[in-house]
Amino acid sequence: MSAIDPGTYESTDLRGQYAWTDTLKGVHYGPGSVKTALPKLLKIIGGTKALVVTGKSLHDKTDVVKQVEAILKEHNAYGGTFYEIGQHTPVAGIRNGLKAFKDAGADIIVSVGGGSPIDGSKAILYHQQQETGGPTLRQIAIPTTLSAAEYTVGAGFTNDEGVKVAVSSPELAPAGIILDGELTLSTPERLWLSTGIRALDHAVENLYRPLIPPPLKHLCYAALVDLFKYLPLSKAHPDNVEYRQKLQLASWMSIWPIKLERYSALGLSHALGHKLGARYSIPHGITSCLTLAPVVALEAEILSQSDKDWLAGALFHLRQPTTGSVEGDIRKLSGLIQGLVDSLGLHSTLTEYKVPKEDLPDVAEKAVGSRDHPTFPQVVKVLESIY
């Protein structure tokens with residue numbers, strides 16, 4: 001996966017551009033919406049036989065996949081189900097998924113679950129296109145977590161050496177997305193809440209990600225507000241579908257679909273998460289719980305003034321009083337993020353995941369691209385602070 005982008009870019013405050021992802025034909029949302037949205041999207045996109053791609057736990061322990069299968073069967077569009085996509089999307093699952101796709105005679109994937117089946121589906125379709133040389137076939141994503149892989153053009157997966165790598169193409173972004181809060185009721189609490197922090201990570205890092213235009217940054221502010229409000233409420237009332245639906249919408253706002261001229265990791269927290277996750281079997285949501293708050297504190301020292309202003313502006317939207325300085329406000333935001341993580345019962349350390357302390361410089365180097373990067377020593381200190 002990408003390290004942070006080493007390039008320098010003009011501020012987007014007054015000049016820039018925006019384009020929607022080419023493939024997206026519709027986002028449908030609402031409790032129970034899968035029943036009507038899935039047939040509509042199949043008709044719009046043109047899929048005739050779908051392979052359902054999901055994870056083993058969701059397939060074996062819930063009725064969510066069966067609901068999706070039933071809708072496809074009702075419309076004579078069911079080709080089969082593949083449920084060997086594991087955490088961090090191992091490449092062996094992608095190979096087996098491609099075989100299942102071909103064996104089923106499918107021409108579209110319906111992914112159900114979190115980031116792993118959604119990214120796994122992108123990778124399956126990427127390799128299918130590479131084999132055939134034809135057009136990239138389409139995916140309809142039905143997420144049951146808040147990780148927001150459904151809005152991006154990249155697919156992260158773990159290669160045979162256990163390293164997280166990626167393929168990326170504007171053609172890989174899902175063509176349809178269905179946000180049905182009812183389908184998230186069986187998502188385990190820790191997974192649900194930690195991927196909510198992953199969405200918070202998206203929202204925060206998009207405030208200083210290169211090339212993001214101001215309207216999308218204001219959507220990130222809205223996402224921040226709703227994530228801070230509804231994650232604690234969802235923890236306290238796990239059966240409340242309205243809170244879950246609000247969180248799915250916040251996840252959408254955190255990483256609004258965009259066609260960029262250049263793609264990279266969103267920011268340092270994401271870059272660190274990519275390097276830590278697959279290598280040490282740390283779930284993506286938990287990597288954000290580990291890295292986001294300390295990275296935000298570091299950004300108070302290293303961001304451009306314009307990026308600092310955007311990040312500090314989050315306090316206003318969270319209805320928090322200013323400290324009197326931009327840097328102080330960013331550090332206060334870092335504290336609020338850590339407080340949210342702790343209140344959700346998601347505090348953890350690298351020690352818990354058995355990350356060898358001697359590996360920290362290597363993780364930092366891979367995240368920033370080189371030991372010569374000016375922030376390398378500070379990034380090592382960030383990792384030491386969460387050890």
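Reader: At what angle do helix H7 and helix H11 pack?

Author: Axes are lines fitted to C-alpha atoms, for helices over the stretch in contact, and angles run from 0 to 180 degrees between N-to-C directions. Helices (H or I, at least four residues) and strands (E, at least two) are DSSP runs, numbered from the N terminus. Here H7 (residues 214-236) and H11 (residues 305-312) pack at about 35°, their axes 11 Å apart. This is a predicted model: local features need pLDDT of at least 70, side-chain atom pairs count only at pLDDT 80 or more, and totals for chains, interfaces and linings use all residues. Residues are numbered from 1 along each chain as its sequence is written, and side-chain values use heavy atoms, without hydrogens and water.

Reader: Which residues of H7 and H11 meet?

Author: Contact means heavy atoms within 4.5 Å. From H7 come Pro-214, Lys-217, His-218 and Tyr-221; from H11, Asp-307, Asp-309 and Trp-310.

Reader: Why is strand S4 largely enclosed?

Author: Buried means under 20% relative accessible area, exposed over 50%, partly exposed in between (1.4 Å probe, protein chains only). In S4 (residues 108-113), 6 of the 6 residues are buried, so the rest of the structure largely encloses the strand.

Reader: Which strands does S4 join, and do they run parallel or antiparallel?

Author: Two strands pair if DSSP finds at least two bridges between them. Strand S2 (residues 50-53) is joined to S4 by 4 bridges, running parallel. Val-52 stands opposite Val-110 in S4. Strand S5 (residues 138-143) is joined to S4 by 6 bridges, also parallel. Val-112 has Ile-142 in S5 as its bridge partner.
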